[in-house]
Each structure stands twice: as structure tokens, then as C-alpha cells.
Amino acid sequence: MVLKELQSLTGHTGRVWNCSWNPKGSLLATSGEDTHIRLWGKEGDQWVTKTILSEGHTRTVRNVAWSACGNYIAAASFDGTVSIWDRKNGQFECNATLEGHENEVKAAAWAKSGNFLATCSRDKSVWVWDVDQDEDEYMCASVLQAHTQDVKRVKWHPLEDTLASCSYDNRLKLFKEDDDDWVCVSTLSSHDSSVWSFAFNNDGSRIASCSEDETIKIWQEFKPGNEQGIKTPGKDSAWKCVCTLSGYFSRPIYDIDWCAQSGFIVAAGGDNSIQVFKESDTSQDINAPEFEKVLTQSEAHSEDVNCVSWNPTERGLLASCSDDGDVKLWTLTDC
Amino acid sequence: MSAVKMSGSDRLENVNPQLFATLGDRARRDEDWDENVTDPFDSREVFDLIRDINDPEHPLTLEQLNVVELDKVQVDDHQNLVDVTFTPTIPHCSMATLIGLAIRVKLLRSLPPRFKVRVSITPGSHASEVAVNKQLADKERVAAALENAHLLNVVNQCLIKPTEE
């Protein structure tokens with residue numbers, strides 16, 4: 001297998017922190033140190049800047065999240081706010097700004113159901129917002145103080161209204177709504193340093209996480225009454241680390257994405273490489289799955305790679321972005 | 001007295017710091033003047049970038065206080081690695097993170113971006129060494145800190161060269 005570079009997208013000034021595809025896979029949103037959000041789309045064979053969303057933030061835009069319908073963007077900024085952009089009038093416009101976090105907002109994520117938005121911050125909290133998109137209203141439903149340090153990332157389960165977060169406190173946590181309040185239902189401890197990011201697999205039964213400790217961990221969900229006899233806390237699932245991939249990266253791993261179509265896991269970070277992994281064909285035991293490296297793209301960028309993202313509709317199409325200021329598009333090809 | 005007070009208290013944390021001898025200028029060699037010779041970065045060159053950083057508390061350089069030393073600077077030009085360990089003057093120094101940040105910023109501004117810089121505390125020399133090292137290694141938090149105008153000003157004060165006499 002080969003990772004072939006399709007195009008390098010230049011335009012941002014300074015470090016690019018984030019790249020994320022809309023649900024149709026037709027637009028790529030990128031953001032960074034220059035406080036702008038750029039939307040890239042295809043014209044002929046080339047990806048070009050379609051729109052620049054500026055004036056939403058006064059500091060770095062760390063993370064950009066698309067709603068499941070593709071009509072909303074939430075942008076998380078070091079200025080402590082989250083801006084909400086929609087295209088009700090044809091073009092993306094900022095129609096709401098969410099305030100409340102005391103410090104840098106590190107990430108945002110929309111629930112697949114469209115009912116909730118989650119944000120997380122260096123102030124150690126995760127906020128869940130009730131969404132009323134018709135009225136452009138966002139009501140804070142819960143402030144979750146479960147982490148003891150800086151919260152790096154939030155993401156929702158692909159099928160359920162279950163929220164996950166990861167933190168500088170080395171842990172991941174899962175949250176669910178319980179009687180009008182949100183509660184932590186699981187804590188995933190095993191990493192030895194900050195957990196920078198994670199990704200669910202297609203059915204949400206597994207999580208792949210990546211860390212400052214230079215490892216990737218695969219976590220398996222065990223539902224109540226599971227065949228393996230893993231004890232569960234009441235009606236909630238238990239999550240166990242079933243695989244650790246170490247020795248592949250020599251620097252912190254800043255992002256990871258699990259392709260829902262192909263099952264390939266892509267990870268990248270401080271050693272400038274992009275690496276792809278998949279579950280081995282011989283892997284059988286749910287308690288101890290085996291994963292193998294498919295390829296390493298050394299020096300994928302000339303500096304740290306901050307984010308990697310699989311296109312949700314075009315199999316094998318990958319976006320990455322870096323401290324070097326570039327965004328790159330790649331295709332994973334069988335050879 | 002120091003030009004800038006950063007500890008927030010009127011008392012100096014380390015009232016009477018010990019002074020150390022400093023290295024002189026690097027010895028010049030004939031090939032230093034030859035434009036055709038490529039000189040890789042070495043530990044002396046990186047040390048020269050950070051030795052004159054001002055201590056946040058005293059009107060002294062990090063070299064004079066033995067906070068930085070030549071043999072605690074490791075450079076591998078080929079692998080793009082720079083590793084600096086520094087030694088706070090006292091084990092409870094509240095300015096250890098600030099000193100580490102000043103070293104990071106100085107190297108960030110001076111070295112080509114290909115270098116991966118690690119700045120950490122000399123093992124065993126500080127009570128909160130693990131926490132400080134983790135913070136200095138977290139590039140997201142360093143980036144956010146450098147967008148803070150007050151903190152950036154404090155760091156810049158440490159990096160201003162003392163006026164030549």
C-alpha cells in the first residue's frame with residue numbers, strides 16, 4: 001500500500017491545528033493560528049479555498065466541528081468562545097457565540113442526533129449544550145467537572161447520544177444523560193501521559209486513543225451481560241484497553257482517525273510522520289485483538305502533524321495539517 | 001535589584017544566589033571564515049543562544065546562576081534534535097516554568113523550524129519536576145501561553161540582552 005500525495009493546500013498563515021470534512025465529504029474545513037477558518041472544495045481536479053470565515057475569533061481556532069446535517073460549523077478558540085456558523089442564508093455566517101468557559105476552548109463536537117453540542121476547555125470542564133437550531137438557541141444542559149486537568153478533545157458516539165472526552169490528566173471519560181443531568185459513566189485509564197485525541201470505530205464498540213506517551217491504545221466496549229464475563233457497572237458498559245501499539249512513534253501522537261468505511265486507523269504527530277494501521281486478518285479474540293502497521297509516510301510534513309482526517313464518503317482520501325502551515329490531501333492506494 | 005518583579009511578592013525567593021564563572025567567547029577557527037564550509041548546529045552554538053537569558057528574579061544571566069550549562073545541551077543536527085536541561089537555583093523555585101518557557105521561546109525564535117526542541121528540568125533538581133516538564137512539553141499550552149500578552153511581555157523581558165557596558 002502507498003500513501004500518494006494529491007495536493008498541498010496553502011493559504012493559512014502559521015500553524016494549522018485542524019482539518020475536518022463535512023459529512024458529505026465535499027468540503028474540508030481547516031483552522032489555525034491565524035484565527036481563520038478556511039473551507040476548501042473541489043473545482044475540476046483541484047481543491048481550492050471556497051470561503052474564508054474570519055472575524056469570528058481573536059485568537060487561535062483550535063478545532064472545527066461539522067454538524068451531522070452539514071449545515072452548521074462550531075469553532076473552538078483559545079479566546080474562550082465557540083462560534084456557531086450556519087448557511088441558512090446560503091453562505092456560512094456566524095449566528096451565535098457560546099461563552100462560559102474560563103479558558104481556551106480546545107474542541108467542540110455535535111451529537112449525531114443533532115440534539116446536543118459539546119465543548120471542552122483548559123478550565124478542565126466539558127459543557128453539554130441543548131441545541132435548538134430553528135431558534136439559534138444553545139442552552140447549557142450540563143457542566144461536567146469529571147476531569148482533573150485540561151480537556152483536549154470531545155467526540156460523540158457514532159450512533160448514540162454518548163459523549164467521550166480525553167485529557168491532560170491521562171484519561172478518557174464517557175458521559176450519558178441520566179434524568180435530565182449528564183453523568184460520567186466510564187473512565188478509561190491506561191495512558192501514561194496526556195491523551196491528545198481518540199476516534200470511535202464505525203459501530204462505536206471500540207475507541208482508538210493516542211497520547212503524549214507515544215502509544216495508541218484500542219479500547220473495547222463490554223455491554224452488560226457480555227459473553228466474556230467482564231463485569232459491568234450496573235446498566236452501563238465496561239471499557240477495557242485490549243491492545244497497545246507502541247514503538248511506532250518517537251514523539252507525541254497528536255491525532256488519530258478511524259475510517260468507518262475501510263476500518264483503517266490513521267495517526268500522526270510530533271515526528272512528522274503519518275502512519276496507518278489495521279486489524280490483522282488473523283485477529284480473532286475480542287479480548288486481545290491484533291493490529292498491524294500498514295504503512296509509514298515519513299516526513300509527511302516538514303513539522304509536527306496536528307490533525308488527520310479520513311474523508312467520510314471517498315474511501316482512502318485523507319487530509320492532514322501541520323505546524324508547517326500546510327494542509328495536504330492524500331490517497332491510500334492498494335499496490 | 002532586578003528590573004522586573006515576577007514572583008508577585010516583595011521578597012526574593014533566592015536571596016543570595018551563588019555566582020558561577022562564565023565561558024568566554026567561542027574560539028575562532030580559520031574555517032569559520034570560509035563560506036564554503038557548512039557548519040552543523042552544535043551544542044556550543046545552542047548554548048550561546050540561551051546563556052545570556054536573564055533570570056526573572058536577579059539581574060544575572062542563566063549561565064551566571066548555573067541554571068544552564070554547556071554539557072546539559074545536546075544537539076543532533078542530523079536528527080533535528082535539541083535537548084536542553086536546566087537547573088533551578090532552588091528546588092521550590094516558582095519561576096521554573098517561566099525560565100523553561102523563556103528557553104523554549106528563545107530557541108523557537110532562533111533555530112530553524114525543523115528542530116524538535118525539548119526543554120526539561122535536570123532530574124532531581126526541583127520538587128515539581130514532572131509537572132513542570134509536562135507543561136513545557138505540551139505545545140498546545142505553550143502556544144496558548146504565548147498568545148497571552150502579559151506572559152509574553154514577561155518572557156520578552158527575560159530575553160532582552162543586557163546593555164553592553
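Let me start with two helices of chain B in this predicted model: helix H2, residues 96–110, and helix H5, residues 149–159, pack at an angle of about 75° with their axes 9 Å apart, where axes are lines fitted to C-alpha atoms, for helices over the stretch in contact, and angles run from 0 to 180 degrees between N-to-C directions. H2(B) and H5(B) are therefore roughly perpendicular to each other, the word being used for 65 to 115 degrees, while angles under 35 count as roughly parallel, over 145 as roughly antiparallel and the rest as oblique. Helices here are DSSP runs of H or I with at least four residues, and strands are runs of E with at least two, numbered from the N terminus.

On the H2(B) side the contact is made by B:Leu98, B:Leu101, B:Ala102, B:Val105, B:Lys106 and B:Arg109, and on the H5(B) side the residues include B:Leu151, B:Val155 and B:Leu159, contact meaning heavy atoms within 4.5 Å. By class, this contact has 10 nonpolar, one polar and two charged residues, with Ala, Val, Leu, Ile, Met, Phe, Trp, Tyr, Cys and Pro counted as nonpolar, Asp, Glu, Lys and Arg as charged, and the others, Gly among them, as polar.

A word on conventions: residues are numbered from 1 along each chain as its sequence is written, and chains are lettered from A and ligands numbered from 1 in the order in which they are written. Local features need pLDDT of at least 70 and side-chain atom pairs count only at pLDDT 80 or more, although totals for chains, interfaces and linings use all residues, and side-chain values use heavy atoms, with hydrogens and water left out.

Staying with chain B, strands S1, residues 73–76, and S2, residues 81–86, pair in the antiparallel sense over four bridges, pairing requiring at least two bridges found by DSSP. Within that pairing, B:Val75 has B:Val82 as its bridge partner. The two strands form a hairpin with four residues between them, and B:Asn80 in the turn has a positive phi of about 65°.

Turning to the interface, 14 residues of chain B are in contact with 26 residues of chain A. The two chains bury about 1,700 Å² between them, 43% of it on carbon and sulfur atoms, buried area being the accessible area (1.4 Å probe) that two parts lose on being put together, summed over both. In chain B, the residues that lose the most area to chain A are B:Lys116, B:Lys139 and B:Glu140, together 40% of what that side buries. Nine salt bridges are counted between the chains, each a side-chain nitrogen of Lys or Arg within 4 Å of a carboxyl oxygen of Asp or Glu. The side chains of A:Arg59 and B:Glu147 meet in one such salt bridge, at 2.8 Å from N to O.

In chain A, an open sheet of four strands has the order S2-S3-S4-S5 with antiparallel pairing. Strands S2 (16–21) and S5 (46–53) stand at the edges with a single partner strand each, so one side of each is left without a neighbour in the sheet. Five bridges join S3, residues 27–32, to S4, residues 37–43, and A:Ser31 has A:Ile37 as its bridge partner in S4(A).

Finally, A:Asp236 and A:Lys176 form a salt bridge through their side chains, at 4.0 Å from N to O. A:Asp236 lies in the loop between S20 and S21 of chain A and A:Lys176 in strand S16, residues 171–178, so the pair ties together parts that are 60 residues apart in sequence.
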